[in-house]
Structures are given as C-alpha cells and as structure tokens.
Amino acid sequence: MFTMNKNIVCIGAGYIGGPTMAVIAKMNPDRKVYVCDINAQRIAAWNSKDYELPIFEPGLVDVVKEVRGKNLFFTTDIRSAVRKCDIVFVGVNTPTKMFGRGAGRASDLQFWEATAREIKEWAKGDKIVVEKSTLPVRTAAAMEAILNGGTGNGERGKQFRFTVLSNPEFLAEGTAIKDLLDPDRVLIGGPDTPEGREAVGEICDIYAGKDGRWVDRAKILTTNVWSAELTKLAANAFLAQRVSSINAIAGLCEATGADVDEVARVIGADRRIGPKFLKAGPGFGGSCFKKDVLNLVYLCESFGLHTAAEYWSGVIKMNDHQQERIVSRLFKEMFNTLANKKIAMFGFAFKADTGDTRETPAGYVARLLNEEHVRLSITDPKAIENGRRDLAGLDGVTWEKDPYKAAKDADAVLLMTDWKEYPALDWARIFKSMRKPALVFDTRNCLDAASLRETGFKVLNIGK
Ligand code: NAD
Ligand code: UGA
C-alpha cells in the first residue's frame, strides 16, 4: 500500500481517547502517539504538571506519568499532529441527536463528519482512519465518501488514499486501564481489499504491542467493517438488556418476598448465563448504554424492523421505570409527602470509581425528588463538580463533600452509587444525627441491612 511511519494521532481527548492512547503509547514505546482536542482546557489538564487529569480513572495517572512527554503528547494543534501520523484514530463524541430527523434516537454525527473533513484538508499523504467512536452501521461508507471523494486533495491535485477501519472500544469506566491492558477481545473491522487487509494488519500490530507483549493475537478479532460497527451497538445492547432484565425481576421480588440477589446468584451459576451484569440497582447510567440502544432502535426502524425496534425500546423503558419506582417507594415509605423533607443522596456518579455523571440514575432521581420539593443534600467522593454542573439551576440542592454532614438532620439517606467508602461509614453516628424515623434506601444493596436495622434504621433495598 504505502510506507507507513507508524505514528498515531487520536482526535478526541475524552474518556476514550485519553486512556486508550495512554495505554497504546505504553505498550508501543517505539511509536509516537498524539492526542488532540479542540477543547484547550481539556488538553491543558492532560498536560498539567501535577497530573490533575480531566478524568478520574484508577491507574490512569501512573500510565500517563510513564509515557507523557516520552512518546505520548497532548495537543490542540490537530493539523500538525495529523501531518506527522499515518494512523488516525477518531474518538470524538457521538451523542444522541436532539434535533430534526431521528431526534432523541439517532446518533449526532456532526463532530465525526467535521473531523473527517479536517483530516482530508490537512493530510499530506495516505492515511489509515480508524473509527474508535461508537457509530451507526455504515458510517464508514459515509466517511470513505467524504475522505476519498472529490478532486485531488493533495499537492498538485494528487489524490491521497484513506482507508477507513472500525475499531470499537469495549472498556468500561472505572476499570478502563485494567480493561485496556487485558481485554477480552479487540475488534478490528476492515474492507476485504488488499489495502483493507494491509490496514487491518497495521492496527493488529499496534494491539499486539512492541515485541508482541500486549494483546494475544488470538484475542484480536477481525471482521468486515459493518459487522464491527454493529457488534459494538449489539454488545452494549446485550449488556443493558441484562441489567433491565434483572431489574424487571427485582420489582417482582419486592412484591413476592423473593430476594433478587439470591435469584441472580443462582441464575448466574448457570454457565450458559454467567454471573456478570446481573446486579439489580437503580438502572444503568453512563454515556453509552442509553445512547447506543436508542441508536439500535433507530437503525431497526430505518430498516423497517419495527418489532425489533420495539423489543430494544423495552430495555430503555424498563430502565426509566426503575428510577421512577425508587421515587414512588420513597414517597410511600415517607408518609406520601416528601415536601420540605431532607434527603441525603449518597453517590452521584453513574457507577463507583468514576467521576462521570453522564446519564447517571442519580441525576434523574434528583430531578424527580426536586419536583416533590425535597431538600436534597448530595455527596460523592469524585463527582461533585460534574454533578453541580448537571443540576445547575435546581433549587433546594446542596453539595457536601462529607457524607456525615450531608446526612445531618436528614429524614432519609438514599444511596445511589456503590462507592466502597459507604459500607465503611459509622452508621450509628449517622443515625444519631438524623431526624426520626430515619430511613436508608440502599438502591445498590451494598450496605449491611441487618446491622442498619439493629441500629434503628428503617431499611429499603432493591428487589427485597
Ligand atoms: P468525550 O465527550 O469524553 O470526549 C470526546 C472529545 O472529542 C471531547 O473532548 C471533544 O472536545 C472532542 N471533539 C469533538 N469534536 C472534535 C473535533 N472536531 N476535533 C477535535 N476534538 C473534538 O466522549 P467519550 O466518552 O470519550 O466518547 C467518545 C466516543 O467513544 C463515543 O462515540 C462513545 O460512544 C465511545 N465510547 C465511549 C466509552 C466510554 O467509556 N466513555 C466506551 C466505549 C466507546
Ligand atoms: C459500558 C460497557 O460495559 C463497556 O463494555 C462499553 O465499552 C461502554 O459501556 C461504552 O460503550 O461506553 P460503562 O458504561 O463504562 O461501560 O460501565 P458499566 O460497568 O457497563 O456500567 C453501566 C451501568 O450499568 C452503570 O450505571 C452500572 O451501575 C450499571 N450496572 C452494571 C448495573 O446496574 N448492574 C450490573 O450488573 C452492571
């Protein structure tokens, strides 16, 4: 195809671009890796002297310390980074489109398309362009058309060749570094042409790492581009569907005296099902599950597969219902009036070990409680800054670093995130400081309910 310089640039320095490229740089010390963003503040944080990185992720600081300035560089100068590198990953955001056709379901591809046009404008040679963002099936065809269409884009009208591949990312937040270092699989989709196969080989080499020290070649799976794009949406839909399935059973457990954790333990012992993603709770949050399932629904509808669309819509419907159910149960338990009561919300991040609050169930529940005129005091070890921004303008919400202060004079503690700090708190001290009757609603089933009851609390759980 062409002689490659092996250097890598990633456009988009967010939750995906930052950690993924840091680990690629660590495992490929012979390659230069550039991570770019239009958000100068974000790049400054990635470059900050004291490693105040823009995202919290266990183990990330250590990797960045090891490679930053050696073979990993964060920059806003996208043009020169694209010129220096023959391999271009694109990890920009692809949120749900909130306007026009497909509003509320389709992916908003404007950031992706803008990036493709920039790559085309700045390229001074052939490139492999890799979709790292999660995208609807057949986006690569549109990208190919933009990148390879039109008249010559290079010097003296020479047409450069862009080969578009799909390399979706499967890491989960909170375990990103672990997932990257030891993935279940890496997926690379490419066209079945000589250039396509060669480009796929180049990306396989990156994941194999220098001297084959990273991902076992047997775990690097290759497919056609459309399968790769669709696999990412399908994988997230399957995971989200498991969470909605167990939450659908949780309601039935509450009504019948069954215990959802016991049911999940036994279901999960069947090796055909497996134990993961069977934890009942407040419903899934995070930037991707809802967005990707909605995108799958939109794709099904676009292809006239209405029953399939309805099936996947049910996963989202069940998730929304779970959060509404939390508020209904609180309402019923607190004598059918929540107005002016103080509720201490423990945890605002969408899961433990992250400061990310995108689509967090806690945000949705906080808004529902706000409609009931609850006085909310919210605490979280890592997500206060993001939470404050999410709920800006909502009256009656205060933020408290210290969970003991958040719970003082409260009528109820509503635990929304299973931070490991929470079971270790002095719950007798919390009980003493609260208004009575004191209620704990543990939506993650992570506290010792028997001991809380002994202390004097009224305890609610999910699915029991
Ligand atoms: P993010 O919002 O944290 O980061 C995206 C970054 O892209 C932002 O910093 C934004 O400023 C930048 N950007 C947008 N347009 C740009 C442009 N034209 N030039 C340069 N930079 C630009 O989003 P994220 O969570 O990293 O997700 C990115 C993609 O990865 C999404 O498609 C998402 O579905 C996918 N993904 C995310 C995760 C995750 O754990 N967050 C996991 C798997 C896949
Ligand atoms: C998820 C997938 O797990 C990743 O493979 C994928 O790459 C990523 O989405 C993405 O595309 O962005 P993430 O959202 O970071 O990762 O975190 P998960 O661990 O999947 O949790 C998602 C939500 O489901 C959280 O709110 C979590 O609390 C909830 N969950 C998860 C449950 O309620 N029960 C479970 O058993 C598991």
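Is Asp356 buried or exposed? In this predicted model, Asp356 has a relative accessible area of 2%, and because buried means under 20%, Asp356 counts as buried.

Let's start with where to look. Asp356 sits in the loop that runs between strand 9 (342-346) and helix 13 (361-371).

Leaving aside residues up to four places away in sequence, Asp356 touches Tyr15, Glu173, Ala349, Phe350 and Asn386. Glu173 is a handy one to follow, as this residue is also listed among those that come nearest to ligand 2.

## The shell around ligand 2

Ligand 2 has 19 residues around it, and the ones that come nearest are Phe170, Leu171, Glu173, Cys288 and Arg444. Sorted by class, this shell holds eleven nonpolar, two polar and six charged residues. Helix 9 (residues 225-256) supplies the largest share of the shell, with four residues.

## Backbone contacts and cover

A polar backbone atom of Leu171 is 2.7 Å from an oxygen atom of ligand 2, and for a polar backbone atom of Glu173 the distance to an oxygen atom of the ligand is 2.8 Å.

On its own, ligand 2 has 700 Å² of accessible area, and the protein covers 89% of that.

Definitions and conventions:
Residues are numbered from 1 along each chain as its sequence is written. Chains are lettered from A and ligands numbered from 1 in the order in which they are written. This is a predicted model: local features need pLDDT of at least 70, side-chain atom pairs count only at pLDDT 80 or more; totals for chains, interfaces and linings use all residues. Side-chain values use heavy atoms; hydrogens and water are left out. A residue is near a molecule or strand if one of its heavy atoms lies within 4 Å of it. A polar contact is a pair of N or O atoms within 3.5 Å; within protein, one must be able to donate a hydrogen and the other to accept it, and residues adjacent in sequence count only if both atoms are side-chain atoms. Accessible areas come from the Shrake-Rupley method with a 1.4 Å probe; for residues, only the protein chains shown count as cover. Helices (H or I, at least four residues) and strands (E, at least two) are DSSP runs, numbered from the N terminus. Ala, Val, Leu, Ile, Met, Phe, Trp, Tyr, Cys and Pro count as nonpolar, Asp, Glu, Lys and Arg as charged, and the others, Gly among them, as polar. Buried means under 20% relative accessible area, exposed over 50%, partly exposed in between (1.4 Å probe, protein chains only). Contact means heavy atoms within 4.5 Å.
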